[in-house]
Amino acid sequence: MKIAFFDSKKYDIKIFEQHNQKYKYEIKFFEPKLTPDSVALADGYDVVCVFVNDVVDKYVIGKLYEYGVKMIALRCAGYNNVDFNEAKDKMKIVRVPAYSPYAVAEHTVALMLTLNRKTHKAYLRTRDANFTLSGLTGFDMYNKTAGIIGTGKIAQILIRILKGFGMKILAYDPYPNENASKGLGFEYTDLDTLYKNSNVISLHCPLTKETKYIINSESISKMKNGVMIINTGRGALINTEDLIEGLKSHKIGYAGLDVYEEESEYFFEDYSDTIISDDTLARLLTFNNVLITSHQAFLTEEALNNIASTTLENIKEFDDNRKLTNEICYICQNSSCSIEEKCNT
Ligand SMILES: NC(=O)c1ccc[n+]([C@@H]2O[C@H](COP(=O)([O-])OP(=O)(O)OC[C@H]3O[C@@H](n4cnc5c(N)ncnc54)[C@H](O)[C@@H]3O)[C@@H](O)[C@H]2O)c1
């Protein structure tokens, strides 16, 4: 098996080389993201391995097919960057459905607590021998309400943590999980009720046609004044221009963003010696109540190990002509199921 690995970072190479000692596949680590410009690098490979911001559109899939690529191994859970209609009859698509939901849930809480208690500002202040407290007032998480949109693997872990703070939980999911609701002690509700009553709103649904811009001027107008919005899902769940208007009008009190709808050009890269030409991102960075992390919620040792072992095992199943445990369902992509779990086609 010859694997073309796109958007390689130092930490990817280290962990995949370790895990590949078991499989001994020929992996070529390419630094560029997979795009129409870089797709030619995949010529002659059996599998391409991609991450969240690689482009797997109609053109790229057509070219990969022409080059003889038989499988795309996503080393992430989300797959909104893949054109399934195009891939359907041309190649298999596998993913890593859960590499560490704990990593993402815990990072979500880190964003909440940092924004609330302003530890990022305190750190800079005390390093400069400024021990004043003005401007650092937060709020008790205890007894506040968290609105959770999407109640899958990550959200359920988050809910458990937030319940530990003594928070009340309101959740929305078109496919409610009554067992989780009973077991964890949270309530399902409609979106309007969630918006109206939540002090903190956190997004954990996949990016689909239905969820694109779920947070927009209309939904923001239904929220509590000073609401905290956290997005560790996908950037385009939020209409960023509307978010900015909400921040400017003080309707939104805090925003914690691990993802951004136009992140692919900037995230994971170092632009510290240049000028940001994306005015929306630049504006977001000016707010002192906005905290942006660069799609790092997944980044723990445990998650990297799981990503490498599952991705290589996905490829091994294909190599052995076995059933693909983590193949993505072409039919019900929206519900993030796998063929094995649901459609069985
Ligand atoms: N920032 C990161 O590093 C990172 C890492 C992993 C995953 N993610 C994102 O987090 C998302 C959630 O991951 P997960 O592992 O919990 O997924 P999951 O599949 O376990 O859960 C997703 C939940 O969203 C629900 N859902 C589907 N459509 C919805 C809608 N219209 N409105 C509300 N809920 C809806 C599903 O029913 C499901 O319960 C992923 O889709 C991915 O985009 C981000």
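In what follows, Ala, Val, Leu, Ile, Met, Phe, Trp, Tyr, Cys and Pro count as nonpolar, Asp, Glu, Lys and Arg as charged, and the others, Gly among them, as polar. The model is a predicted one, in which local features need pLDDT of at least 70 and side-chain atom pairs count only at pLDDT 80 or more, while totals for chains, interfaces and linings use all residues. Residues are numbered from 1 along each chain as its sequence is written, and side-chain values use heavy atoms, with hydrogens and water left out.

Helices (H or I, at least four residues) and strands (E, at least two) are DSSP runs numbered from the N terminus, and two strands pair if DSSP finds at least two bridges between them. Here 5 strands form an open sheet with parallel pairing, in the order S2-S1-S3-S4-S5. Because S2 and strand S5 (92-94) each have a single partner strand, they stand at the edges, and one side of each is left without a neighbour in the sheet. From one strand to the next the twist averages 20°, where axes are lines fitted to C-alpha atoms, for helices over the stretch in contact, and angles run from 0 to 180 degrees between N-to-C directions.

Helix H12 (residues 301-319) packs on this sheet and touches S1, S2, S3, strand S4 (71-74) and S5, its direction making about 160° with that of S4; contact means heavy atoms within 4.5 Å.

Together with helix H1 (residues 10-23), S1 and S2 make a right-handed β-α-β unit, right-handed meaning that, with the strands pointing away from the viewer, the path from the first strand over the helix to the second runs clockwise.

Another open sheet is formed by 7 strands with parallel pairing, in the order S8-S7-S6-S9-S10-S11-S12. Its edge strands, each pairing on one side only, are strand S8 (187-188) and strand S12 (290-292). Strand S11 (residues 252-257) pairs with S12 in the parallel sense over 3 bridges, and Leu257 stands opposite Ile292 in S12. Helix H10 (residues 240-248) lies across strand S10 (227-231), S11 and S12, and runs at about 140° to S11.

The largest cavity has a volume of about 70 Å³ and is lined by Asp7, Lys9, Tyr11, Asp12, Phe51, Arg75, Phe268, Phe298 and Ile307, a lining with 5 nonpolar, no polar and 4 charged residues. On a 1 Å grid over the protein atoms alone, a cavity is a set of points where a 1.4 Å probe fits but cannot get out, and lining residues have an atom within 4 Å of a point.

How values were computed: On a 1 Å grid over the protein atoms alone, a cavity is a set of points where a 1.4 Å probe fits but cannot get out, and a pocket is an open set with protein on both sides within 12 Å along at least five of seven lines; lining residues have an atom within 4 Å of a point. Grid points are joined across faces, edges and corners, and a volume is the space filled by probe spheres set on the points.
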